[in-house]
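Have the structure open while reading.

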Amino acid sequence: MTPALLENPGTAQVILREPMLDDSIFAAALGLLPVLPSSPRLDEGDGDVIARFDAYMATLDAGSSMWEAITRVHIDRHRQLIEWAQGTRASHYIRKHLLGTIPWDVEGSLLEEIAVRDLADFPRASLITRMSRLLRDGASEADVRSRFAGEFASLSPKERRHVEEFFGESPEVRSAGLRAAVLWVESRADTSWRHILTPSDAKDRFGRAHTWRAPQELLVTLGERFAAVAEEALDLWETDPDPGRRTPRDLRWLHSMLLHLPQVTNEVKDKARAVLRHARPQPRRSWEVTDLATDQHDREFADLRTAIDRILGDPTTAARSSALGDPQQVTVRDLATASDEVLDDYLSRHAGIDELVEKALLSFVSRDSYRPKLGFSDVLGRHSSPQEALLQVTAGLRKRLGGGPHLREAWVRQVLRLPECDTKLICALPAWAALTVGGPEHGTAHAAVASVVTTALGEDEEAWARFATSPASYSGPTAWLLGDILTAAKEDTSWPKPPSGR
């Protein structure tokens with residue numbers, strides 16, 4: 001295989017671009033494909049070592065691209081490809097693409113076989129980490145070999161040669177060995193297992209979700225199996241003295257593990273929090289070059305931290321991908337972006353926390369939208385003192401929501417939709433919004449508001465005149481409450497003081 005064969009393919013490559021080939025033609029074409037080269041001895045031969053290594057890697061990339069194209073075209077022959085490639089270098093690339101590039105096109109039983117075989121490679125990474133740490137801590141090579149004799153004996157000759165490399169004196173190799181287990185799950189969660197762990201993110205180039213051949217139940221099972229392996233890696237995690245700049249890869253494995261573990265134990269939560277404390281974002285220095293990709297990585301890294309923190313604060317949620325976190329720390333905005341089902345589940349699991357119910361009520365204002373399955377009154381009914389709470393929140397709305405007049409207007413709309421609004425509650429509404437929303441026509445008052453105003457002012461024409469000429473406004477220091485304006489107009493006293501903010 002050479003990179004040039006991607007631009008000018010041979011006959012076998014051209015034939016295999018076509019689906020639905022006759023069996024004999026398919027088999028013959030496979031036999032005539034260019035093969036991947038063996039690993040070169042970089043310490044032998046003439047020329048630049050780096051150039052020879054780069055050329056070798058370019059050849060492997062070309063071979064990977066060739067096999068990706070073949071696996072995409074011949075969906076119904078995946079098992080045949082696996083069997084044909086057994087014992088060859090092509091086997092690695094075929095399995096890699098079936099597991100990580102197009103897993104949705106792989107038949108369920110075959111996908112499970114490939115995934116289980118891939119997970120079976122983790123114990124070797126775990127052995128390398130445990131062995132390397134004993135060596136780091138002063139154990140002799142003989143002691144390490146004796147301690148892990150049983151695990152060494154279970155390795156294939158090729159695997160044993162790979163593990164033997166970590167007995168060498170190279171500091172780089174020793175350092176990599178210390179983190180081999182975590183690096184293994186990091187790599188899988190970021191590449192070959194990424195679609196299986198988050199099937200909803202697997203979309204085509206038009207943004208449409210792929211239809212999976214494997215059943216959903218199998219994807220759940222595979223996710224749990226990966227999470228069990230990641231939990232072992234988490235147990236072996238330790239701080240990295242030289243972590244470098246953090247990327248989403250550093251946290252994606254942890255997030256995937258927390259999503260798929262059947263139960264998040266206290267031990268897991270404690271260790272996961274330690275990882276979060278260590279994996280903190282680093283501000284970019286003025287001389288560092290940033291572009292769209294780095295900005296996207298920074299945002300993705302921050303989103304993963306937030307998602308992990310929410311799961312750790314609320315691990316019992318039915319779907320951890322929608323976890324909202326600790327009820328004491330969740331924000332109105334968090335609740336506003338949650339679906340009806342997620343919000344209902346969250347409030348039910350944290351019943352009895354009145355402060356949380358009040359945040360949830362305010363979340364209707366932040367989105368000011370209709371929830372078809374969970375209404376404002378439904379949430380209000382979960383409060384231990386619903387009417388008292390509604391009055392207190394309404395009276396202190398500016399502190400609760402800030403200075404956004406559109407938010408106060410949205411709150412008024414929600415309140416006026418309730419079956420009953422007493423006089424105290426209506427008087428606590430922001431005056432401008434109360435007088436201009438909820439009526440039969442745009443810009444008119446709700447009937448209940450009109451009733452409170454006419455009752456308060458009665459037949460007093462001077463009070464009506466003062467009320468009509470009050471400097472109440474939509475926002476700013478004269479965005480008073482309706483009750484304060486009515487009192488000042490009726491009693492001919494000074495207009496209210498500016499409302500208090502946050």
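Helix 6 gives the most to the lining of the largest pocket, with 6 residues. The model is a predicted one. Helix 6 spans 90–101. Other elements that give two or more residues to this lining include helix 5 (78–85), helix 8 (122–136) and helix 13 (180–190).

The pocket holds about 1,500 Å³ of space. By class, the lining divides into 12 nonpolar, 11 polar and 11 charged residues.

Asp121, Arg124 and Arg188 join Asp118 in a network of salt bridges. Side chains of opposite charge can pair when their charged atoms come close. The structure holds 30 salt bridges.

| Asp250 | Arg246 | 3.8 Å |

Glu300 sits in helix 18 (residues 292–313) and Arg252 in helix 16 (residues 249–260), so their bridge ties together parts 48 residues apart in sequence. Glu300 is partly exposed, at 24% relative accessible area. Arg252 counts as buried, at 8%.

Asp314 and Arg349 link distant parts of the chain, 35 residues apart. Asp314 is in the loop between helix 18 and helix 19 (332–337), and Arg349 is in helix 20 (residues 340–349). Asp314 is buried, at 1% relative accessibility. Arg349 is partly exposed, at 26%.

The largest nonpolar core has 75 residues, and Trp67 and Leu254 have the most contacts inside it. Helix 15 (residues 216–235) supplies the largest share of this core, 9 residues. Beyond its neighbours within four places in sequence, Leu254 is in contact with Leu234, Ala272, Val275 and Ile308. A second, separate core has 51 residues, among them Leu361, Val365, Leu425 and Ala489.

Last, the backbone. Most residues other than glycine have a negative phi. Which way does Met20 go, positive or negative? Met20 has a positive phi of about 55 degrees. Met20 lies in the loop between helix 2 (11–15) and helix 3 (23–31), and is exposed, with a relative accessible area of 76%. Asp492 also has a positive phi, of about 55 degrees. Asp492 lies in the segment after helix 30 (482–491). Asp492 is exposed, at 52% relative accessible area.

Terms used:
Residues are numbered from 1 along each chain as its sequence is written. This is a predicted model: local features need pLDDT of at least 70, side-chain atom pairs count only at pLDDT 80 or more; totals for chains, interfaces and linings use all residues. Side-chain values use heavy atoms; hydrogens and water are left out. A nonpolar core is a set of buried Ala, Val, Leu, Ile, Met, Phe, Trp, Tyr and Cys residues joined through side-chain atoms within 4.5 Å. Buried means under 20% relative accessible area, exposed over 50%, partly exposed in between (1.4 Å probe, protein chains only). Helices (H or I, at least four residues) and strands (E, at least two) are DSSP runs, numbered from the N terminus. Contact means heavy atoms within 4.5 Å. On a 1 Å grid over the protein atoms alone, a cavity is a set of points where a 1.4 Å probe fits but cannot get out, and a pocket is an open set with protein on both sides within 12 Å along at least five of seven lines; lining residues have an atom within 4 Å of a point. Grid points are joined across faces, edges and corners, and a volume is the space filled by probe spheres set on the points. Ala, Val, Leu, Ile, Met, Phe, Trp, Tyr, Cys and Pro count as nonpolar, Asp, Glu, Lys and Arg as charged, and the others, Gly among them, as polar. A salt bridge is a side-chain nitrogen of Lys or Arg within 4 Å of a carboxyl oxygen of Asp or Glu.
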